[in-house]
Amino acid sequence: MTRFIIRRLIISIPVLLGISLVAFFLVQASGDPMAVYISNPNLSAADIERLEKAYGFDKPVYIQYFYWLGKAVTGDWGQSFLTHQNVLDMILQRLGNTAILMVTSFVMTLLISLALGIYSATHQYSAGDYAVTAVSFFGYSMPSFWFGLMLIIIFAVKFREWGLPYLPAAGMYPIREEPSFPQLIRHLILPATVLSLVSVARYTRYLRSSLLEVIKQDYMRTARSKGLSERVILWRHGFKNAVIPLITLAMLDIPHLFSGALITEQVFAWPGMGRMYWEHAVWVDYPVLMGIILLVSTLVVLCNLLADISYALV
């Protein structure tokens, strides 16, 4: 196992280099990184030219890439063109906020989808199974921005108009109150629910299909013939094999959640990395964009490795 992990980590180096190369050229091709300065009326053409030379934009793109890569591997991810802050510091400031939202939605997703998937598989073609299937298809097909807006209208706006306990529609904490854990939980409910919706629907369908396939295997019938209870058969023999496809989905969802669900964070004004990515993508602030892409790419490679290790453990 140790040799396997070391080999995978070594292989991940050229993979990350390839990802960074493609991402750098795509970001550069998406717009003019000097747009944030050109739009500033206080800067003259000479100022713009001087800034282009200072940032190396007067050089070919491939030279710019190697210049960025050389600094990135030493931990210097550059400065934002928009805010002039250190990119790594900016990401670390938002990383905690995204982690709170990610962990909450991830735990919600696993708990709900495991319960629904197991129930649906063990009660195949029952009314409950059809209900779970219908809800899963609904969740899988609903655009997250529409679902988020509907939740805001109902639970934040209408509940307040009706005099019922309502939920906040945006942010992490109230503006005029001291931050507190109960307030954080209240602000988490709506965005975490939206972020979990699609994943719950997907996980439930995968687990149901996988568990139904496992239930029909010969070793499950052998376990029944030995007189074992259905609970023991399901958890000790069936679930461990059925959950392997779900591990792949869950591990690959972690980088997506860490990068910040861009739409969800925008709808609920959650100050995470997804919202930051959108804010800086508008101005082609490529040091920030490349920093987030590099972080997410690293998470993808590591989570793939964790998925492989989890297979063996399960």
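On a 1 Å grid over the protein atoms alone, a pocket is an open set of points where a 1.4 Å probe fits, with protein on both sides within 12 Å along at least five of seven lines, and its lining residues have an atom within 4 Å of a point. Grid points are joined across faces, edges and corners, and a volume is the space filled by probe spheres set on the points.

Good morning. The model before you is predicted: local features need pLDDT of at least 70, side-chain atom pairs count only at pLDDT 80 or more, and totals for chains, interfaces and linings use all residues. Residues are numbered from 1 along each chain as its sequence is written, and side-chain values use heavy atoms, with hydrogens and water left out.

I turn to the second largest pocket, whose volume is about 250 Å³. It is lined by 14 residues, and Y55, Y67, K71, G78 and Q79 are the closest to its centre. Helices here are DSSP runs of H or I with at least four residues, numbered from the N terminus. Three of them, α3 (45-55), α4 (61-72) and α14 (286-313), each supply at least two lining residues, and α4 gives the largest share, with five. The lining comprises nine nonpolar, three polar and two charged residues; Ala, Val, Leu, Ile, Met, Phe, Trp, Tyr, Cys and Pro count as nonpolar, Asp, Glu, Lys and Arg as charged, and the others, Gly among them, as polar.

The largest pocket holds about 320 Å³ of space. Of its 15 lining residues, P168, A170, P174, I175 and H187 lie nearest the centre. Both α7 (144-161) and α8 (181-215) supply at least two residues of this lining, with the largest share, three residues, coming from α8. By class, there are nine nonpolar, two polar and four charged residues.

L21, F25, V61, Y62, I63 and F66 form a nonpolar patch with about 540 Å² of accessible area together. Two or more of these residues come from each of α1 (2-29) and α4, and α4 has the largest share, four residues. Areas come from the Shrake-Rupley method with a 1.4 Å probe, and only the protein chains shown count as cover.

Is F66 buried or exposed? F66, in helix α4, is exposed because its relative accessible area is 55%, where exposed means over 50% and buried under 20%.

How values were computed: Patch = residues over 30% accessible without salt bridge, like charges linked within 9 Å, V, L, I, M, F, W, Y side chains within 5 Å. Salt bridge = Lys/Arg side-chain N within 4 Å of Asp/Glu carboxyl O. Buried < 20%, exposed > 50% of the residue type's maximum accessible area, 1.4 Å probe, protein only.
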